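Please look over the sequence and the model shown here. The paragraphs after it go through how the parts pack.

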Amino acid sequence: MIEEIERCARCGFCEAVCPTYNAFRTRHMGPRGRLQMALLVYTDGNKSRYVVESIETCLRCRACELVCPASIRIVDVITQARAILHGRAQKIPR
């Protein structure tokens, strides 16, 4: 999953179609920011309020994946980060 995150070119196409990003207009509430929050979960086990809020508010609608030019499996990355946050999976060493 870390490889998926590192493929992000930060183009922002995903943010234009994300319902939560468009509602809140803050980066951590959109796919691009969530990928970075997921990276924190994977590498550090970070469970700060900011990280949890970001990961937990994804609607998993996959609209972001439809427009991602790198075909990143964004929802799978977020779903795995959720599993780590809930203790259903182990953090991934870097």
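The crossing of α4 (31-44) and α5 (49-56) is left-handed, a term used when the near helix is turned anticlockwise from the far one by less than a right angle, with right-handed for clockwise. Helices here are DSSP runs of H or I with at least four residues, numbered from the N terminus. This is a predicted model, in which local features need pLDDT of at least 70 and side-chain atom pairs count only at pLDDT 80 or more, while totals for chains, interfaces and linings use all residues. Residues are numbered from 1 along each chain as its sequence is written, and side-chain values use heavy atoms, with hydrogens and water left out.

Two packed helices are described by the angle between their axes and the distance between the axes. For α4 and α5 the angle is about 125 degrees and the axes are 9 Å apart; axes are lines fitted to C-alpha atoms over the stretch in contact, and angles run from 0 to 180 degrees between N-to-C directions. The two helices are therefore oblique to each other, since angles under 35 degrees count as roughly parallel, over 145 as roughly antiparallel, 65 to 115 as roughly perpendicular and the rest as oblique. From α4, the residues R34, M37, A38, L40 and V41 meet Y50, V51, S54 and I55 of α5, where contact means heavy atoms within 4.5 Å.

S54, in helix α5, is buried at a relative accessible area of 0% (buried is under 20%, exposed over 50%, partly exposed in between, with a 1.4 Å probe and protein chains only). A polar atom of the S54 side chain lies 2.6 Å from the backbone oxygen of H28. Leaving out residues up to four places away in sequence, S54 touches H28, M29, R34 and M37.

Helix α5 also packs on α7: their axes come within 9 Å and cross at roughly 130 degrees. That makes α5 oblique to α7. V52, I55 and E56 of α5 make the contact with I78, A81, R82 and L85 of α7.

What is the size of the largest nonpolar core? The largest nonpolar core has 22 residues, and I5, A38, Y42, I55 and I74 have the most contacts inside it. Such a core is a set of buried Ala, Val, Leu, Ile, Met, Phe, Trp, Tyr and Cys residues joined through side-chain atoms within 4.5 Å. The elements giving two or more residues to this core are α1 (2-6), α4, α5 and α7 (74-85).

Notes: Polar contact = N/O pair within 3.5 Å; in protein donor to acceptor, adjacent residues only side chain to side chain.
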